[in-house]
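Hello,

Here is the structure I promised to pass on to you. Have a look at it first, and then read on for my notes.

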Amino acid sequence: GRPLFNGSKQGEMDTVEKRVHAFVRVKPTADFAQDTIKFGQDNKSIDIYIKKDVKKGVVNNRQTEWSFRLDGVLHNASQDLAYETIAEKLVSEALNGYNGNLLLL
């Protein structure tokens, strides 16, 4: 992303990234859908596979695979690790007067 320059309290120029960061956190669970969700070796991609529904007929053009590139995948990550990785810097910058948004689904 292109950096955005903002003056700090000391009058210096700080570089603040001006782009959206996307992370996926998969909560710890004993019933993880390992046949449906695959993580990339770099922990920056996720692939989702859904089996075709035979009830929909022979001609079924419904999408069954999706791939996403991300800034990070947190699999079986604790709440503390998720906060440190995703939100800590954003919260700190917000407390210093910068705008920031965090969307959790």
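The largest cavity is lined by Ile 50, Lys 51, Lys 52, Asp 53, Asn 60, Arg 62, Gln 63, Thr 64 and Trp 66. Here a cavity is a set of points on a 1 Å grid over the protein atoms alone where a 1.4 Å probe fits but cannot get out, and lining residues have an atom within 4 Å of a point. By class, that lining has two nonpolar, three polar and four charged residues, with Asp, Glu, Lys and Arg counted as charged, Ala, Val, Leu, Ile, Met, Phe, Trp, Tyr, Cys and Pro as nonpolar, and the others as polar. Its volume is about 50 Å³, taken as the space filled by probe spheres set on the points, which are joined across faces, edges and corners. The count comes to one cavity of 30 Å³ or more.

Please keep in mind that this is a predicted model, in which local features need pLDDT of at least 70, side-chain atom pairs count only at pLDDT 80 or more, and totals for chains, interfaces and linings use all residues. Residues are numbered from 1 along each chain as its sequence is written, and side-chain values use heavy atoms, leaving out hydrogens and water.

Next, the sheet. Three strands form an open sheet in the order S4-S5-S6, with antiparallel pairing; strands are DSSP runs of E with at least two residues, helices runs of H or I with at least four, numbered from the N terminus, and two strands pair if DSSP finds at least two bridges between them. S4 (37-39) and S6 (65-69) are the edge strands. Five bridges join S5 (residues 45-49) to S6, and Ser 45 has Arg 69 as its bridge partner in S6.

Finally, helix H1 (residues 79-95) is followed by Gly 97, whose phi is positive, near 100 degrees.

Enjoy exploring!

How values were computed. On a 1 Å grid over the protein atoms alone, a cavity is a set of points where a 1.4 Å probe fits but cannot get out, and a pocket is an open set with protein on both sides within 12 Å along at least five of seven lines; lining residues have an atom within 4 Å of a point.
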